[in-house]
Amino acid sequence: MQFSLVAKDIQSKARAGVVQTAHGAIETPIFMPVGTAGTVKAVHQRELKDDIKAEIILGNTYHLYLRPGLNILEQAGGLHKFNGWDRPILTDSGGYQVFSLAGTRKIKEEGVKFKSHIDGSTLNFTPENVMDTQRTIGADIIMAFDECTPYPCDYTYAKQSMERTHRWLQRCVDRFDSTEPKYGYDQTLFPIVQGSTYKDLRVQSAETIASFGREGNAIGGLSVGEPAEMMYEMTEVVCDILPADKPRYLMGVGTPANILENIALGVDMFDCVLPTRNARNGMLFTTQGIVNIRNQKWATDHSPIDAELGGYVSTFYSKAYLRHLIHSGEYLAGQIASVHNLTFYLWLVKQARQHIIAGTFRDWKDVMVKKLMTRL
């Protein structure tokens with residue numbers, strides 16, 4: 001994998017770049033739709049490419065390990081062949097799922113023992129077998145196995161967890177570098193910065209992660225309930241330390257405003273389930289602000305969902321029709337709303353990129369953040 005910087009914003013730390021992978025180029029800043037179980041929920045691959053214009057999607061190691069399982073993925077020739085997506089894929093390590101399964105997990109130095117949410121069977125994830133699993137899934141970018149601490153988190157535990165994450169990272173690197181990709185193309189390993197919301201721990205973790213000299217770096221353990229200003233403070237601390245010639249990936253973030261503010265701090269890559277999850281519940285992100293399509297005020301609004309955004313679903317379907325589908329429990333509602341929200345997210349990061357290149361990002365961002373947080 002290679003990363004090249006195209007432009008830097010004069011009034012902020014925002015940058016525009018290009019990540020080159022075996023399955024194509026990714027123009028940054030970029031938002032990556034989340035395809036947890038090998039699918040972005042309710043969205044066809046054709047829609048992802050042609051309408052949403054996604055350049056990279058995510059898969060989830062924990063979920064894919066359980067279903068369909070590694071044997072089926074390997075028979076298919078990896079996740080790209082299995083789901084028909086021929087552009088880049090990133091897989092997370094399962095660390096966040098382990099975090100969310102707090103009631104059934106046991107974390108030890110060797111790894112994590114926990115129970116499957118499907119059948120209750122006992123599973124063991126270690127840094128080594130998580131690397132092997134991601135080799136089999138075949139993503140272009142794979143993540144180190146880490147522990148994601150909750151918020152709030154005791155300082156002593158945050159420090160112990162961070163140090164364990166660093167020790168696990170060394171084991172991930174050793175295993176990754178001693179194995180080969182399975183499907184004839186290169187894969188890249190990103191380490192993950194942890195340290196909760198403690199500045200000294202974030203500094204220590206960022207310095208440790210940077211010392212491994214991998215092709216890109218990720219920031220984890222944020223957007224887990226802490227105030228937004230605290231997230232921005234930690235992101236800025238870390239971005240100032242992580243090498244400028246490598247892409248920076250902020251995991252699990254976030255709202256449109258979160259994304260723009262973190263781009264301004266130097267983040268290049270984002271993912272979040274929020275646009276699709278909120279879509280299925282009737283929350284739409286638009287160029288004019290936030291729409292709760294369930295509200296009565298949209299029942300007789302026959303204007304397009306978002307004429308300014310463009311794209312098929314946003315201009316073809318009306319607000320009144322989508323509200324009717326949502327209230328009727330029709331599956332098409334989730335599909336339309338998901339495609340719309342993802343189209344908006346990809347539009348937003350493309351606009352950000354254009355303004356970074358043009359040297360107008362900071363002023364545009366300040367206007368857009370207020371606009372996009374407005375509830376219509």
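Q: How many residues lie between strand 7 and strand 8 in the hairpin that they form?
A: In this predicted model, strand 7 (residues 106-107) and strand 8 pair in the antiparallel sense over two bridges, with Ile107 standing opposite Val112 in strand 8. The two strands form a hairpin, and the number of residues between them is four.

Q: Which residues of strand 8 make up its covered face?
A: In a regular strand the side chains alternate between the two faces of the sheet. Strand 8 covers residues 112-115, and its uncovered face carries Lys113 and Lys115. The covered face is made up of Val112 and Phe114.

Q: Which residue takes a positive phi in the hairpin of strand 8 and strand 9?
A: Strand 8 and strand 9 (residues 122-125) run antiparallel and are joined by four bridges, and Lys115 stands opposite Thr122 in strand 9. Six residues lie between the strands of this hairpin, and the one with a positive phi, near 80°, is Gly120.

Q: How far apart are the end C-alpha atoms of helix 15?
A: Helix 15 (residues 361-372) has 12 residues, which at 1.5 Å a residue should span 16 Å.

Q: Within what arc do the buried residues of helix 15 fall, seen down its axis?
A: Phe361, Trp364, Lys365, Met368, Val369 and Leu372 are buried in helix 15, and what covers the buried residues includes helix 10, strand 16, strand 17 and helix 14. On the other side of the helix, Asp363, Val367 and Lys370 are exposed. The buried residues line one face of helix 15, because seen down the axis they fall within an arc of 130°.

How values were computed: Residues numbered from 1 in each chain as written. Predicted model: local features only at pLDDT ≥ 70, side-chain atom pairs only at ≥ 80, totals over all residues. Heavy atoms only, no water. Buried < 20%, exposed > 50% of the residue type's maximum accessible area, 1.4 Å probe, protein only. Pairing = 2+ DSSP bridges. Expected span 1.5 Å × (residues − 1). Arc of directions from axis to C-beta. Contact = heavy atoms within 4.5 Å.
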